[in-house]
Protein chains: 2
Amino acid sequence: MNTVKKRLLSPAIIAILLIGFTNPVFSTDDPLPSWNDGPAKQAIIAFVKDTTDQASPKFVPPEERIAAFDQDGTLWVEHPMYTQVTYCLERVPAVVKAKPELKNVQPFKTVLSGNREAMAKFTMKDLEKILAATLTGMTVDEFNAEVKKWMETAKDGRWKRPYTELIYKPMLEVMQYLRANGYKTYVVTGGGQDFVRVYSEKVYGIPPEQVVGTAGGTKYGYAKDGKPILTKEPKLLLNDNDAGKPEGIHLMIGRRPYAAFGNSSGDRQMLEYTKAGEGIRLSMLVLHDDAKREYAYGPAEGLPPTKVGAFTQALYDEAKKQGWVVISMKKDWKRIFAFEP
Amino acid sequence: MNTVKKRLLSPAIIAILLIGFTNPVFSTDDPLPSWNDGPAKQAIIAFVKDTTDQASPKFVPPEERIAAFDQDGTLWVEHPMYTQVTYCLERVPAVVKAKPELKNVQPFKTVLSGNREAMAKFTMKDLEKILAATLTGMTVDEFNAEVKKWMETAKDGRWKRPYTELIYKPMLEVMQYLRANGYKTYVVTGGGQDFVRVYSEKVYGIPPEQVVGTAGGTKYGYAKDGKPILTKEPKLLLNDNDAGKPEGIHLMIGRRPYAAFGNSSGDRQMLEYTKAGEGIRLSMLVLHDDAKREYAYGPAEGLPPTKVGAFTQALYDEAKKQGWVVISMKKDWKRIFAFEP
């Protein structure tokens with residue numbers, strides 16, 4: 001045992017370890033240990049090597065290294081319902097308690113009844129009323145505190161774990177790998193910008209200012225004690241879905257990403273826009289084809305379409321045509337969640 | 001000569017130099033050499049020391065260190081006209097060349113006539129027409145190229161220098177000093193976000209994604225060759241003036257700054273919002289009281305009000321009441337521009 005320990009700590013080994021720790025680019029460690037070897041893993045590693053090698057014609061200056069990640073279905077589970085929609089539904093009792101006049105008004109009445117079948121039939125207008133009531137009207141600080149509190153206690157129905165544990169470990173590794181190589185990583189989500197910002201730093205290592213999402217306006221004013229406050233308003237500034245994703249990227253970042261990751265038709269324009277930039281660009285699509293370990297939906301294996309995260313056949317065809325790399329959860333991911341053994 | 005060189009490069013000196021270069025916090029060099037000693041300089045240095053000293057109760061974690069700088073009148077000259085307005089007026093001939101039908105239409109006709117007296121009488125509606133015609137309708141890439149080209153050749157009337165040389169050296173030092181101490185510096189300008197982003201990295205060392213400004217929408221579409229493009233639209237998303245500044249900071253950054261710098265009533269809400277945060281916060285106002293080296297306007301010394309950059313008596317009074325620090329260009333700045341001897 002001692003001999004092994006001694007041999008392990010020889011100066012040469014220590015030197016290699018130090019190089020490994022301080023210079024991840026040249027580390028012999030696998031930067032993506034939760035990935036099986038295959039075209040997806042190889043595409044990520046080749047992209048990082050090419051864009052960070054000063055001798056390569058594909059070299060990208062550090063300040064231009066931007067990578068964008070969709071959230072729902074790309075970084076964490078989006079089934080059976082977007083987490084933020086679950087949050088809004090679960091906030092309804094507190095909202096009605098503060099405003100009892102909503103108790104017998106639809107769609108709040110149905111939410112309070114707990115009738116999931118009736119809730120599944122909500123129209124877009126019903127949902128908008130719920131979103132407005134639960135995401136606006138309070139100060140920015142109050143909203144942040146509410147989301148933070150909910151995130152600490154709410155649990156997913158299938159895994160019985162906090163939603164923030166239902167993050168895809170392989171994608172966390174990609175983000176860390178990119179950051180270790182000088183990339184600024186951004187969440188670019190159709191979800192609420194303020195919602196995701198509450199936990200993005202803790203969960204993804206991405207600070208609030210690098211979260212681009214669907215954003216409503218705020219109104220500057222003063223509290224009773226004269227302190228300035230910002231109140232969340234039911235006024236849509238940016239619908240960060242579809243064409244709104246590249247538009248949001250321009251508004252919030254002002255540079256075209258070199259890499260983008262998505263999983264649904266809502267990410268199509270972001271993936272197109274990224275891939276169309278000069279030089280080498282990486283666009284990747286997560287395919288949910290693992291019914292056993294997560295969920296299966298999408299076209300690739302004749303899977304049924306779903307209400308959320310529509311990965312249509314047309315999107316699959318465009319991916320093949322444009323050279324986007326499809327990530328098969330089933331084949332490419334050795335493990336899906338950090339809590340798995 | 002050789003002896004001096006030898007002595008200068010002794011190991012001890014090299015060690016001191018290395019410490020100086022890698023650890024600016026403990027450097028004995030003056031971080032603000034263009035500032036005269038006084039309350040303004042002292043306030044900046046005390047703020048940085050307090051917020052970066054782990055032993056201080058005022059310590060601010062690195063990820064929360066955000067500093068916001070207004071641009072016109074705070075970072076560069078805003079007289080006699082905002083630089084971006086000059087840009088728009090000087091773009092009019094090219095716009096009319098591309099759209100000859102505008103030649104005899106107001107306000108373009110007046111701009112083409114070169115009659116400055118008539119231009120000075122433009123209403124807000126006239127200006128809006130000029131801004132829409134010169135800042136929208138083209139792709140984002142075309143706009144960037146146009147601004148870049150103009151910035152390389154256009155010159156200010158008084159100093160006969162490119163506008164990007166009319167940056168206040170003392171403020172550049174403040175930005176560098178803050179960044180060397182872990183602060184992320186942002187421009188938060190009433191000017192156009194896309195306009196400032198073109199030169200912010202080169203001129204201020206601030207990347208495009210750290211520029212918050214008045215922003216219009218873009219529209220995602222496809223060029224004739226099928227490539228995705230973003231076209232600038234005459235649709236206002238964010239008016240980054242007055243209450244729009246804290247609202248814009250929330251939208252684009254999502255955190256309250258610890259330090260903010262402004263010079264006019266358009267910065268009032270940003271300075272209030274910054275100063276009202278928990279812990280120690282620094283709000284500073286640049287007072288233009290140096291008619292000889294730059295311009296004099298504002299209330300402090302009975303200076304005349306101006307069309308741009310209104311530093312009103314009410315603002316001065318609020319500064320005193322709220323504990324904002326007023327920077328006197330005349331007294332606090334040893335030199336104003338980098339090109340001065």
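Predicted model: local features only at pLDDT ≥ 70, side-chain atom pairs only at ≥ 80, totals over all residues.
Residues are numbered from 1 along each chain as its sequence is written, chains are lettered from A in the order in which they are written, and side-chain values use heavy atoms, leaving out hydrogens and water.

**The sheet**
- Chain B has an open sheet of seven strands, ordered β4-β3-β2-β1-β5-β6-β7, with mixed pairing. Strands here are DSSP E runs of at least two residues, and helices are H or I runs of at least four; two strands pair if DSSP finds at least two bridges between them.
- At the edges sit β4 (228-238) and β7 (325-328) of chain B, each pairing on one side only.
- On average, neighbouring strands are turned by 35° against each other, direction ignored, with axes being lines fitted to C-alpha atoms.

**Two strand pairs**
- β3(B) and β4(B) run antiparallel over seven bridges, and Gly221(B) has Ile229(B) in β4(B) as its bridge partner.
- Five residues separate β3(B) and β4(B) in their hairpin, and Gly226(B) in the turn has a positive phi of about 90°.
- β5 (259-262) and β6 (282-287) of chain B pair in the parallel sense over four bridges, with Gly262(B) opposite Leu285(B) in β6(B).

**The α11 helices**
- From chain A, α11 (244-252) lies across β3 (211-222) and β4 of chain B, at about 155° to β3(B); such angles run from 0 to 180 degrees between N-to-C directions.
- In chain B, nine of the nine residues of α11 are buried (under 20% relative accessible area, 1.4 Å probe, protein chains only).
- After α11(B) comes Gly254(B), with a positive phi near 80°.

Technical notes
Contact = heavy atoms within 4.5 Å. Buried < 20%, exposed > 50% of the residue type's maximum accessible area, 1.4 Å probe, protein only.
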